[in-house]
Amino acid sequence: MNREYPIPAASRRVDEKIRRSHFITTVGPAASVEEARAFIKEVRAEFDTANHNCWAYVVGPPGSTGHAGMSDDGEPHGTAGRPMLTVLLHSGIGDIVAVVTRFWGGVKLGKGGLVRAYSGGVKSALESLPRIEKMPMAELEAVIGYSEVTLFQRMLPEFSAQVVVSDFAVAVSYRLQMPSKHVDTFKVRLADLTNGQAQVTVHRAD
C-alpha cells in the first residue's frame with residue numbers, strides 16, 4: 001500500500017434523540033488497533049452510565065478488513081456494530097474508529113430502527129469530520145562510498161527523504177525515512193549514482 005488516503009484529522013461528535021433514546025456518536029482517528037481500543041475505552045469511561053457503547057473501527061486503508069472490529073455491546077446481534085462497520089468500510093476513510101453511545105429512553109426501536117439509528121449516527125458524524133491525507137512511509141538503509149556522499153545528500157530532497165541516523169565507517173550508512181511511493185525510483189537513481197555499488201535494504205514500508 002503506497003498511495004495516500006484520507007484519515008480523520010480530529011475527533012467529531014454528534015448527538016440525536018430518537019423516540020426518547022439519546023444517541024451520541026463519537027468518531028476519531030485510529031492509526032493502530034491499540035489506538036482504536038484506547039479511543040473506545042476513553043468514550044466508555046466518559047459515558048459509563050450509558051446503556052450501550054457500541055463501536056466499530058477500520059485500521060488501514062479505506063475499505064480494508066484486515067484490522068477491523070465491531071461490537072453490539074448488548075444490543076440485539078447485528079443491529080449496532082455491523083451497521084456501523086459497514087458505514088466505515090464504505091466511507092472512503094481509513095484509520096478510523098466510531099463509538100455510538102445510547103441512553104435508553106424506554107421505547108423499543110426494533111431491529112430495523114436500531115440499525116438506522118446506529119448507522120445514521122456514524123453517517124452524520126462523517127459528514128462534518130475533518131480529514132487529512134495520510135502519507136504511507138518507508139524506512140530503509142543505504143550504504144554508499146565516501147566519494148558519493150555529496151551527490152547522495154543533494155538528491156535526498158527530491159524524494160522527501162529524511163536522514164534518521166548516519167554512520168561513517170569503512171563505508172557510509174544512512175538510515176532514511178521517505179514516502180513509500182518514492183522508494184522504487186530512489187533505488188534506480190541511487191544505482192545510477194553509484195554504478196550499481198550501493199546497498200539498499202528496505203526495513204519497513206506502509
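Good morning. A salt bridge here is a side-chain nitrogen of Lys or Arg within 4 Å of a carboxyl oxygen of Asp or Glu. Aspartate 73 sits in the loop between strand 5 and helix 2, and arginine 44 in helix 1, so the pair ties together parts that are 29 residues apart in sequence. Aspartate 73 is partly exposed at 28% relative accessibility, and arginine 44 is partly exposed at 36%. On this scale, buried is under 20% relative accessible area, exposed is over 50%, and partly exposed lies in between, for a 1.4 Å probe and protein chains only.

A word on the source. This is a predicted model, in which local features need pLDDT of at least 70 and side-chain atom pairs count only at pLDDT 80 or more, while totals for chains, interfaces and linings use all residues. Residues are numbered from 1 along each chain as its sequence is written, and side-chain values use heavy atoms, with hydrogens and water left out.

Turning to the overall layout, the protein is divided into domain 1, residues 5–134, and domain 2, residues 137–205; these bounds come from an automatic or database domain assignment. Taken over C-alpha atoms, the domain centres are 42 Å apart.

Five strands form an open, antiparallel sheet in the order 2-3-6-4-5. Strand 2 (12–18) and strand 5 (68–71) are at the edges with a single partner strand each, so one side of each has no neighbour in the sheet. From one strand to the next, the twist averages 15°. Helices (H or I, at least four residues) and strands (E, at least two) are DSSP runs numbered from the N terminus, and two strands pair if DSSP finds at least two bridges between them. Strand 4, residues 52–58, and strand 6, residues 96–103, are joined by seven bridges in the antiparallel sense. Within this pairing, tryptophan 55 has valine 99 of strand 6 as its bridge partner.

Two helices lie across strands 2, 3, 4 and 6: helix 1 (33–46), at about 160° to strand 4, and helix 3 (110–127), at about 45° to strand 3. Axes are lines fitted to C-alpha atoms, for helices over the stretch in contact (heavy atoms within 4.5 Å), and angles run from 0 to 180 degrees between N-to-C directions.

What does the largest nonpolar core contain? It has 24 residues, and those with the most contacts inside it include Val27, Met84, Leu88 and Tyr118. Such a core is a set of buried Ala, Val, Leu, Ile, Met, Phe, Trp, Tyr and Cys residues joined through side-chain atoms within 4.5 Å. Helix 3 supplies its largest share, six residues. Apart from it lies another core, of 17 residues, among them Leu140, Phe152, Ala161 and Met178.

Finally, I return to the salt bridges, of which the structure holds seven. Glutamate 4 and lysine 181 meet at 3.1 Å, N to O. This pair links distant parts of the chain, 177 residues apart. Glutamate 158 and arginine 189 form another, at 2.7 Å, N to O. Glutamate 158 lies in the loop between helix 4 and strand 9, and arginine 189 in helix 5, so parts 31 residues apart in sequence are tied together. Thank you.
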